[in-house]
Amino acid sequence: MPNPLPVKKTVPANRQMPRVTPPLWVWGLTGVGALIGFGLLYIMANRSEKQLSQQLATDAETVLRREWAMRSDSVTRVVVLGTSLVEYGVADTGFFENRCGKRIRVIKLYRESVTINAFTEEAPIFKILERYPPDILCLEENLLVFRLPYSLNPMLEAVNRHLVLQIKAVKTQLGWRAADPKRGLFQGFPREQHALNQMDTINLATTLAEIKKREVRTQTELPALYNSLQRLHQLGTHLVLLHFPRPAILEAAIYSKSRAPQLRDLMNYYHQRYQLDYWQFNRPMPFRYFADQAHLNHIGNPIYSAWLADKICQTAALPPR
């Protein structure tokens, strides 16, 4: 006689399976694990930022000391200091010499996704500039004018930078990657610059909302920096607050009528107190001139750099080539 088929036990539709509640110790371990993970992220982020700040100071002093040692060779030296907007937006020295037809050196010093603290509290860049003062110092406007975070997820970005830095260091030690002193000394351009804007240019609600929340700095916020600016001016450095363009629709939001009086008062204060000139690029630029919503690409960079070169040539008595 064949074996009967096994009987499947079914649960009535109106009857639910009993819910299993994890014991309290499981929740406790989960919380402890989350705290440990957060702590490790915090340690990695701090270590990464300190390492990057130390490298910035070392590289900046290297290149500025080299330029200062050659200061008797009748070359006008320009330093442009800022964030990745400088990295993407400002051409290298050869472009400026060809445009001006004069002897000029343009040195770019930048840190990605930072505020002014990266050049004052975290790395003594302005103290180094006081030791090796350039003929012209151009400061990215955002650093001195707006009080804003450069990242919505600063810790995650810091950890990511830390991991990238460690991977590059291991590759260099193993001989898989050659050291690149030109990039280490701030010159050259990122590969990402050679791309058209791929970000959504229609749905800008989030970006515009962030722009509207930006606060203009007060006149008394950065006393240590202002002392350095005074000393640089006394040493003969021409100080410039340099505007970097954004796509036209975002530019209109940044320099809206509502904050125009504050901006005008702050610019006048900087000029009267620290002889800081303001160079503003007034040409509207479309999104296709940018790699994203902020950084100039291979189309926008030559246009902006040509304007900057003309401003430098008009301002400084440049020696002939």
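Trainee: Which residue does D92 form a salt bridge with?
Mentor: D92 pairs with K108, and their closest N and O atoms are 3.5 Å apart. A salt bridge here is a side-chain nitrogen of Lys or Arg within 4 Å of a carboxyl oxygen of Asp or Glu. The pair links distant parts of the chain, 16 residues apart: D92 is in the loop between α2 (84-89) and α3 (93-100), and K108 is in strand β2. Helices (H or I, at least four residues) and strands (E, at least two) are DSSP runs, numbered from the N terminus.

Trainee: Where do these numbers come from?
Mentor: This is a predicted model, where local features need pLDDT of at least 70 and side-chain atom pairs count only at pLDDT 80 or more, while totals for chains, interfaces and linings use all residues. Residues are numbered from 1 along each chain as its sequence is written, and side-chain values use heavy atoms, with hydrogens and water left out.

Trainee: OK. Is K108 buried or exposed?
Mentor: K108 is buried, at 0% relative accessible area. Buried means under 20%, exposed over 50%, and partly exposed in between (1.4 Å probe, protein chains only). D92 also counts as buried, at 17%.

Trainee: How many salt bridges are there by this rule?
Mentor: The count comes to 12. One of them joins the side chains of R105 and E67, at 2.5 Å from N to O. R105 lies in strand β2 (residues 104-110) and E67 in helix α1 (residues 24-69), so this pair ties together parts 38 residues apart in sequence.

Trainee: What about R231, what does it pair with?
Mentor: R231 forms a salt bridge with E130, with the closest N and O atoms 2.7 Å apart. R231 is in helix α9 and E130 in helix α4 (residues 125-131), so the pair connects parts 101 residues apart in sequence. R231 is partly exposed at 31%, whereas E130 is buried at 17%.

Trainee: Which residues do shared partners join into one network?
Mentor: R66, E67, R77 and R105.

Trainee: New topic. At what angle do α9 and α11 pack?
Mentor: Helix α9 (residues 223-234) and helix α11 (residues 260-274) pack at about 50 degrees, with their axes 10 Å apart. Axes are lines fitted to C-alpha atoms, for helices over the stretch in contact, and angles run from 0 to 180 degrees between N-to-C directions.

Trainee: And which residues meet there?
Mentor: Y226, L229, Q230 and H233 in α9 meet Y270, R273 and Y274 in α11, where contact means heavy atoms within 4.5 Å.
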